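Please read this short report alongside the sequence and the model. It covers local geometry and packing.

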Amino acid sequence: MNEKYFELSNLSVGYNKKTLIHDICLDIKKGEIVTLIGPNGAGKSTILKSITRQLEIIGGQVIFDSNEIRSISYKELSTKMAVVLTERLKTELLTCHDIVATGRYPYTGRLGVLSHEDEEKVDNALRAVNALDLGGRDFNAISDGQKQRILLARAICQEPEIIILDEPTSFLDIRYKLELLSILGRMAKKNGITIIMTLHEIDLAQKISDKIVCVSGDHVTRYGTPQEVFQEDVIKELYNIDNGFFDPMFGSIELMKPAGDKPEVFVISSGGTGIPVYREMQKTNTPFAAGILFRNDMDYQLARLLACEVVTEEPFEEISDENFERAKELITGCSRVINAGVHIGPGNRRIKELLEFAEAQGKLE
Amino acid sequence: MSKEKTLQNKGAEGSYRLENFRRRTRYTTVFIILAIAFFVIIVVNINSGNVHIPLSRIVNILLTKNGDPKEVDIIWRIRLPRILMAAMLGGALSLSGFLLQTFFENPIAGPFVLGISSGAKMVVAFTMIYSMTLGYTMSSYSLIGAAFIGSLMSIGFILIVARRIKNMAALLVAGIMIGYICSAITDFIVTFASDSDIVNLRGWSLGSFSGMSWSNVHITAVVVGITFVLTFLCSKPIGAYQLGEAYAQSIGVNIRVFRIALIMLSSIFSATVTAFAGPISFVGIAVPFLTKGALGTSKPIVVIPATFVCGAVFCMFCDLIARLAFAPLELNISTVTSIFGAPVVIYMMINRKRGMK
């Protein structure tokens, strides 16, 4: 399938004829989840508003199903594209069912009376977001998470080919975030609905998206798969991070490492037991060293970011003399040694020696 | 899906059906009550006045147009056109308010507070006096036309302000100021105009349903009737617009065309009212609010007809009081509508939880 589905070619967007972001070129396939990430105020929403025709396009084109989007009438576009916006809805005496039912607007007659079939579709949309029981409630009386689900149901009810969501997860707690994203994932994979959205949570963006668009400054800095985009430096540069780290492996965000180059504590661990200790060190701002870790140990991933020094060994190798001596050196320089719970096997049996060495110095905890 | 969950969903669906049924019952009840109120108020209205005419004779006069010529005259030439005008103009005024509230996304918008009625009044007064000095009397249609131009002038000004100020409260203040300016200019014109018709003009510029003729009734019926039908046909996009401009557009509403339509319809309504009865305060805000509250929804397809009938009842009721309270002295209609309408508006402001910034 090489046919172009949703294409932005040399698109320039902005407000009042003033270009904010220029030369956006994206090629989006049917059923893909594309997420725009980037710092606040980078213009992610401006891009979304332009491709939904809320803002006048300044230059370039948006091709949707081989038609220029401006040549499609609002009415026709409304049967193909639905939106979930950030702006708060100010409603008066409308139930959630009423809100969702507006999604049927493009399909109802002159007076907008819902047919039996339409009613069924409203119910189905409510069911898809697990909100059937909210139908009769006043929209103003429900929580933000529920509102967001209702707005998504409204978009689903519109039976679009493409749904555009502007920060759908803001105001949601972690459970609703996961729920919302899994609904989106299901729609994309099962129903072939294309999803274009902005997200603030880069960790979630990495996990749900097929493609990531990085928006920063006045252009799109990167466009590609999560694997291509989620690299430590790319993210660091995109958000201009100088006070922490992004871990591309787990998509997690870490705070800055403890200040100081000279470790005060040496942490011995394996298989994840070190992680809580590292975090504790980070919180108390205690510089520490870690070791001896195999490079495939999960402890290594975090130690790498937070420790002043990590003594590492190639996976499944015996601990070398060089590394062993370095660890002893570090222990001698530290005032404390923490055994976070290390599993000792044939590969790392010299750890035992290391523990005894620390014990002899009276530093082992 | 587990069995338990399926059951739960079934339960929810059942309660939803019940909810739907409950709503329909509520709508029907409200419409029946309004219909009863409508007829009762007509009967009371036609039956009361300075000259007492027994009900049996009224029925006879209405059906046959025969009887004491003086009484026939009172019923057919004074009371009936006045009642019909109060009903139609009351409905028109309320709908004008509803449309403006939709447009500005603010329940406290209305033709009077936004200065639209006063703008219409000013232009009507001006053209009236001008044509009088030339020796013409204005036809009803040209009165409506003048009022329409005045309404559009005020709205145009409000829109310019609205473009710069997003704050709703400030917008209302701007509207009230426009109202004062237009009223001041009207007073100025009236003061400096001479001649006998001034007395009439002054009464009109304060708002009154008195002195309505059958030709007024016919013209109003045509203009208000057509505008009502057009408004009702707009109930679908109005419903979409209630979600805000962006959502409305995303479900296929051509916003630019629709906004113009809203302004035109509400201006025609308020212009017709002002042309015949002068500016009338608070009806445009209070009636839609009460109607929506009674119906428990803001869905335009039910709110539009209900608001019209409710406005008709409200204005006939207020006119009855205006006529009878200090008979034979007559009150301005605005005096009465303010007494009943202003408390409703205050209640609204106190009760509003959000939205008003």
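## Basis

This is a predicted model, in which local features need pLDDT of at least 70, side-chain atom pairs count only at pLDDT 80 or more, and totals for chains, interfaces and linings use all residues. Residues are numbered from 1 along each chain as its sequence is written, chains are lettered from A and ligands numbered from 1 in the order in which they are written, and side-chain values use heavy atoms, with hydrogens and water left out.

Helices (H or I, at least four residues) and strands (E, at least two) are DSSP runs, numbered from the N terminus.

## Helix H10 of chain A

H10(A) spans residues 274-283. Its buried residues are Gly274(A), Ile275(A), Val277(A), Tyr278(A), Met281(A) and Gln282(A). Viewed down the axis of H10(A), they fall within an arc of 165°, so they line one face of the helix. The arc is that of the directions from the helix axis to the C-beta atoms. Buried means under 20% relative accessible area, exposed over 50%, and partly exposed in between (1.4 Å probe, protein chains only).

Pro276(A) and Lys283(A) are exposed, on the face turned away from the buried side. The buried residues of H10(A) pack against strands E12 (252-255), E13 (265-268), E14 (288-294) and E16 (336-339), and against helix H11 (298-306), of chain A. Contact means heavy atoms within 4.5 Å. Asn285(A) follows H10(A), with a positive phi near 55°.

## Helices H12 and H13 of chain A

H12(A) (residues 321-333) packs with H13(A) (residues 350-360) at an angle of about 20°, with axes 10 Å apart. Axes are lines fitted to C-alpha atoms, for helices over the stretch in contact, and angles run from 0 to 180 degrees between N-to-C directions. H12(A) is therefore roughly parallel to H13(A). Angles under 35 degrees count as roughly parallel, over 145 as roughly antiparallel, 65 to 115 as roughly perpendicular and the rest as oblique.

The crossing is right-handed. That label applies if the near helix is turned clockwise from the far one by less than a right angle, and left-handed if anticlockwise. H12(A) contributes Asp321(A), Phe324(A), Ala327(A), Lys328(A), Ile331(A) and Thr332(A) to the contact. H13(A) contributes Arg350(A), Glu353(A), Leu354(A), Phe357(A) and Ala358(A). By class, the contact has 6 nonpolar, 1 polar and 4 charged residues. Ala, Val, Leu, Ile, Met, Phe, Trp, Tyr, Cys and Pro count as nonpolar, Asp, Glu, Lys and Arg as charged, and the others, Gly among them, as polar.

## Helices H12 and H14 of chain B

H12(B) (residues 283-295) and H14(B) (residues 333-351) pack at about 60°, with their axes 9 Å apart. This makes H12(B) oblique to H14(B). Their crossing is left-handed.

On H12(B), the contact uses Val283(B), Ile285(B), Ala286(B), Phe289(B) and Leu290(B). On H14(B), it uses Thr337(B), Gly341(B), Val344(B), Val345(B), Tyr347(B) and Met348(B). The contact has 9 nonpolar residues, 2 polar and no charged ones.

## Backbone and loop positions in chain A

A cis peptide bond joins Gly291(A) and Ile292(A), with omega about -15°. Ile292(A) sits in strand E14 of chain A.

Arg53(A) is a non-glycine residue with positive phi, near 70°. It lies in the loop between helix H1 (44-51) and strand E4 (59-64). Arg53(A) counts as buried because its relative accessibility is 17%. Leu93(A) also has positive phi, near 50°. At 28% relative accessibility, Leu93(A) counts as partly exposed.
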